[in-house]
Amino acid sequence: MPSPSPHATVLHAGRRTVLGLLIAAVIPLLLGVAGVAGLVTGRISAAVVVIVGVGALGVLLLVVAWRQRHQKIAADHTGLWVHNGRAMQLIHWESVAGIGVYYTAQAVSLEVVPRDPADDRDPVLRSLIRDDEPLAPELPRVRYRISLPQVGWRTLAEAVRRHSEPHPSLQWCGQINYNPVTAALARRRSDRT
């Protein structure tokens with residue numbers, strides 16, 4: 001399979017995710033070690049069992065971080081390259097109807113609306129398929145949601161906008177401050193009418 005051009009803007013999302021998860025895993029791991037030490041010395045209590053459970057959460061964070069370490073997203077003149085750590089897939093600009101960035105205080109995602117139905121058989125893209133409110137009234141609901149790290153996403157978003165501009169049939173929806181609570185309330189109101 002071809003790869004992104006040498007001039008592509010690449011966001012190493014996995015590296016940033018790994019760093020954040022490793023930092024988040026330190027305290028649960030230390031508590032887990034203390035809990036296991038308590039079990040080994042014979043101090044079995046509900047608190048020790050809970051502390052061991054917190055340690056298991058730390059191990060789970062490490063496993064998730066390790067699996068995501070090679071994830072990256074790249075944008076060039078050809079399209080958007082998505083690498084999930086095991087395989088890479090190219091989303092050609094010609095196959096995209098609309099694209100935008102959703103951001104909240106907790107998460108940032110690149111929302112890519114395909115012209116044709118989303119590919120639910122592709123090993124890279126199938127886990128990205130979401131059905132949500134359309135980015136714009138004329139766009140379909142089903143799209144690919146690519147999670148981005150909190151740091152560095154603006155550089156990729158600017159590259160996506162710049163590389164997608166030459167394609168007049170692709171709608172750039174911009175950066176949307178998405179509030180899931182107000183979106184859910186709006187859906188309820190529309191369902192009642």
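Visitor: Why is Y103 called partly exposed?

Guide: Its relative accessible area is 24%. Buried means under 20%, exposed means over 50%, and partly exposed is what lies in between, using a 1.4 Å probe and protein chains only. A value of 24% falls in that middle range, so Y103 is partly exposed. Do keep in mind that this is a predicted model, where local features need pLDDT of at least 70 and side-chain atom pairs count only at pLDDT 80 or more, while totals for chains, interfaces and linings use all residues. Residues are numbered from 1 along each chain as its sequence is written, and side-chain values use heavy atoms, leaving out hydrogens and water.

Visitor: And what makes W153 count as buried?

Guide: W153 has 4% relative accessibility, which is under the 20% limit, so it counts as buried.

Visitor: How do you know that the rings of Y103 and W153 are stacked?

Guide: Rings of Phe, Tyr and Trp (its six-membered ring) pair if their centres lie within 6.5 Å; planes under 30 degrees apart are stacked, over 60 edge-to-face, and the rest tilted. Here the centres are 5.7 Å apart and the planes meet at 25°, so the pair is stacked. The structure holds one aromatic pair. This pair links Y103 in strand β5 with W153 in helix α3, 50 residues apart.

Visitor: Why are β7 and β9 said to stand at the edges?

Guide: Strands here are DSSP runs (E, at least two residues), helices likewise (H or I, at least four), numbered from the N terminus. Two strands pair if DSSP finds at least two bridges between them. The open five-stranded sheet has the order β7-β8-β6-β5-β9, with mixed pairing. β7 (129-131) and β9 (171-177) each have a single partner strand, so one side of each lacks a neighbour in the sheet.
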